[in-house]
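Me: I've got a model open and I'd like to learn how to read it. Can you walk me through it?

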Amino acid sequence: MTDPTVAEPWVAAPLTRLKEDARLISGVLLYPSGRAVGQFGFANAADVMSICALTSAINASARELGRQLDGKPFYEMHHAGAERQVFMARATAGAQEFLFVGVFDRESSFGVVEIYFAEFQKALERLHPEKQATGVGPSGDFEGELNRSLDALFGPIGKR
Amino acid sequence: MKALAQVVAKLSHVPGVVAAMIVGAKDGLIVETSLVADSTPGGTDPRKHTAALAAYLYSKVVRASDAARLGTPAFMRLEAERGHIFVVGAGDVVVVTIVTTDANLGRVRLEMMTAARDNS
């Protein structure tokens with residue numbers, strides 16, 4: 001298993017711990033805008049780009065669905081496939097919000113992932129640098145933001 | 001099949017049993033649980049962690065037992081400094097108890113095996 005690649009160094013340790021403790025196959029930490037912050041388990045930028053866009057859209061849809069069905073947004077989702085399972089949840093650090101999506105198989109379980117995700121959330125709260133709490137909201141340039149974060153994770157296009 | 005709440009209630013009344021739980025074998029989520037005497041409202045529920053990790057550990061024990069060609073494990077006992085965790089498989093669920101060091105381990109084991117057999 002490869003170590004996480006990150007756009008922001010402070011998330012590297014919590015991501016590594018989450019990956020190892022929860023026995024995740026792959027995972028991406030991103031801003032709700034779709035900008036990637038860190039990832040593990042993916043070898044190319046195109047996969048991460050798709051996951052960021054989809055996770056961002058799923059999160060927005062789930063929140064709205066939650067509001068309509070339950071009066072409050074849904075923040076956590078779990079899909080159990082035949083072989084692999086997907087866990088998607090929101091994490092906060094100070095005023096900043098993050099989304100995390102992770103994939104696991106029979107080597108782990110939903111209960112175990114939930115436990116270690118709670119610890120991951122606490123680590124983000126503890127390690128989050130105050131200065132970065134602003135300026136990461138949607139700028140309107142979704143594609144540009146996504147590409148910049150992918151450059152940070154995989155290197156500029158042409159060198160990936 | 002006995003109601004799961006009944007199984008948990010019966011196990012939790014065995015002397016020395018601090019908590020009894022029925023946990024999903026695959027997802028590690030609590031299906032039914034007894035109350036924990038020293039749990040604090042609003043605090044982290046230790047049962048959730050114990051349930052998930054005990055079910056996870058049991059799944060590894062099943063694999064180890066299978067690898068050693070011993071068949072399905074009948075009973076798992078984890079002895080710690082201040083007590084024990086017992087796990088018995090019962091189909092799609094596992095029965096988990098947290099037990100004090102001075103408990104009658106034989107009786108707890110017997111009650112768990114009976115509960116698992118009745119619920120398989």
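This is a predicted model: local features need pLDDT of at least 70, side-chain atom pairs count only at pLDDT 80 or more; totals for chains, interfaces and linings use all residues.

Me: Why is strand β1 of chain B largely enclosed by the rest of the structure?

Reply: Strands (E, at least two residues) are DSSP runs, numbered from the N terminus. A residue is buried if 20 or more other C-beta atoms, placed from the backbone, lie within 10 Å of its own. Here β1(B), residues 17–24, is largely enclosed because seven of its eight residues are buried.

Me: Which strands does β1(B) pair with?

Reply: Pairing takes at least two DSSP bridges between two strands. β1(B) runs antiparallel to β5(B) (residues 93–99), with seven bridges; V17(B) partners V99(B) there. Three bridges join β1(B) to β2(B) (residues 30–33), also antiparallel, and M21(B) partners T33(B). Five residues sit between the strands of that hairpin, where G28(B) takes a positive phi near 70°.

Me: What is F98(A) in contact with?

Reply: Contact puts C-beta atoms, placed from the backbone, within 7 Å. Leaving aside neighbours within four places in sequence, F98(A) touches residues including L30(A), V37(A) and L124(A).

Me: How many residues does each chain bring to the contact?

Reply: Chain A gives five residues and chain B gives 10 residues.

Key
Residues are numbered from 1 along each chain as its sequence is written. Chains are lettered from A and ligands numbered from 1 in the order in which they are written. Two residues are in contact if their C-beta atoms, placed from the backbone, lie within 7 Å. A residue is buried if 20 or more other C-beta atoms lie within 10 Å of its own, exposed if 12 or fewer, and partly exposed in between; C-beta atoms are placed from the backbone. Helices (H or I, at least four residues) and strands (E, at least two) are DSSP runs, numbered from the N terminus.
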